[in-house]
Amino acid sequence: MTRLRTLALVLVASALAACASAPKRLNYTYAPPYGVASDQFLRSLEGLRYGMVAGNRLDLLENGDGVFPAIVEAIRSARLSINFETYLFADGEIGRIVAEALAERARAGVEVRVLVDAVGARMGPLSGMMRRAGVNVRTYKPVKLFTVHRIQDRTHRRLVIVDGLIGFTGGFGIDDRWRGDTRSEDEWRDLAVSVEGPAVRILQRAFIEDWLHTTGEVLHDYRQFPPLDRAGPALAQVVASSRGEHVSTAKLTFYMAIQAARERVWLENAYFAPDRQIIGALAAAARRGVDVRVVVPGPAIDIPPIRRAARTNYGDLLEAGVKIYEYLPTMLHTKAMVADGVWATVGTINLVTRSMKKNAEVNLVAYDRDFAAEVERAIEIDLARSQPITIEEWRKRGLWERVREAISYLFYEAY
């Protein structure tokens, strides 16, 4: 219910926010004659603010059982600095484990900074406990009466950077819904990635961008920026998008890969209500023979209006040959895509207006066949636990369901 109350507040503020928002270009022209596997596509990615950097080790982490032990182990090994940014930090089993690990390192003399979005901050006593231990805990853009028109200006980033040497990002929240391994509806499905190598420095920049905005503190010296050697073979790119951009790098990240795909596009997204250009790109890819598969949450979704809004556009996709699947066991919170078995991304970007236009987001993009194969394997596991949606089924849905979908779609800009 907390998510629904937040959504309701966002809907109330959306009209005011629209008046205050700076214009951002959202429609693009990109119809490459080359494919994702081409060197020309790789060079085209240099236009997305931060280009590809070589020499990275990437590890795909699945669900709470894979994500939290790796993060907590890295925190406990910290010697110089920990920078931690998240949209959601809630009191609970997971929250206490993470907060206690951060507090212990602060007491040991490590510089520990925690930045939590105001809407997602539900730390309760954990905030005071960390502060008493020496953790510098800050809130990103507190919500006040005179700033309610900017309530949609959120950080949706998940970033953990330890000693400037290892970084993490993905869809995870610090909340008990991310516990376990999808054994029940109480254990959400999600993916994350750990990074070692030169790409960590760009993750660090993304954190510093929001920390500097919040506190004015300039982070510097060897605690934040140690020498970074090659850690592995992967080319990696960090996409750090924000509300203040003149263009949406969040959208371009997905759009360019879809447009260049020649073999397959496999996409998983927690909140899938893309704009008409993304829908058109997916449909066009399917019509030119690309194997396009989209995995989205099923009935277990935590915000049902987004699912209903998304279903209004299923017809265009299904008729073009896009295969759509609804994940059944629990809430699918993953934000990932693979194109042509070489390009892959994991992170926080949802295919909704808020991610494209408003939120601060971060995704890790890899141009690496081994990592892409790992993401494909994870998606294959989810496909086996999903229900395919057919065009016949979509056309047969009842009048009441169509009405609810149409009403939900009216609030498309707020999702």
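**Aromatic pairs and overall fold**

Four aromatic pairs are present in the structure, which is a predicted model. In one of them, Phe-207 and Trp-211 are stacked, with ring centres 5.7 Å from each other and planes at 20 degrees. Both residues belong to helix α6, which spans residues 199-215, and because they are four residues apart there, about one helical turn separates them. Phe-207 and Trp-211 are each buried. Another of the pairs joins Tyr-409 and Tyr-412, whose rings are tilted, with a centre-to-centre distance of 5.5 Å and an angle of 40 degrees between the planes. Tyr-409 is partly exposed, its relative accessible area being 29%, whereas Tyr-412 has a relative accessibility of 13% and therefore counts as buried, the cut-off for that class being under 20%.

With regard to the chain as a whole, the protein contains 14 helices and 17 strands. Its radius of gyration is 20 Å, close to the 22 Å given by the globule rule for 415 residues, so the chain is as compact as a globular protein of that length. Along the principal axes, the C-alpha atoms occupy a box of roughly 60 × 50 × 45 Å. Of the 415 residues, 61% are buried, and among the contacts that link residues at least 6 apart in sequence, 82% are between residues at least 24 apart.

The accessible surface of the protein chain amounts to about 16,000 Å², and carbon and sulfur atoms account for 54% of it. As for charge, the chain carries 55 positive and 50 negative side chains, the centres of these two sets being 6 Å apart.

Key:
Residues numbered from 1 in each chain as written. Predicted model: local features only at pLDDT ≥ 70, side-chain atom pairs only at ≥ 80, totals over all residues. Heavy atoms only, no water. Helix = DSSP H or I, 4+ residues; strand = E, 2+ residues; numbered from the N terminus. Rg over C-alpha atoms; globule rule 2.2 N^0.38 Å. Buried < 20%, exposed > 50% of the residue type's maximum accessible area, 1.4 Å probe, protein only. Contact = heavy atoms within 4.5 Å. Areas by Shrake-Rupley, 256 points an atom, 1.4 Å probe, with all protein chains shown as cover. Lys, Arg positive; Asp, Glu negative; His and termini not counted. Charge placed at Lys NZ, Arg CZ, Asp CG, Glu CD. Phe/Tyr/Trp six-rings, centres within 6.5 Å; stacked < 30°, edge-to-face > 60°.
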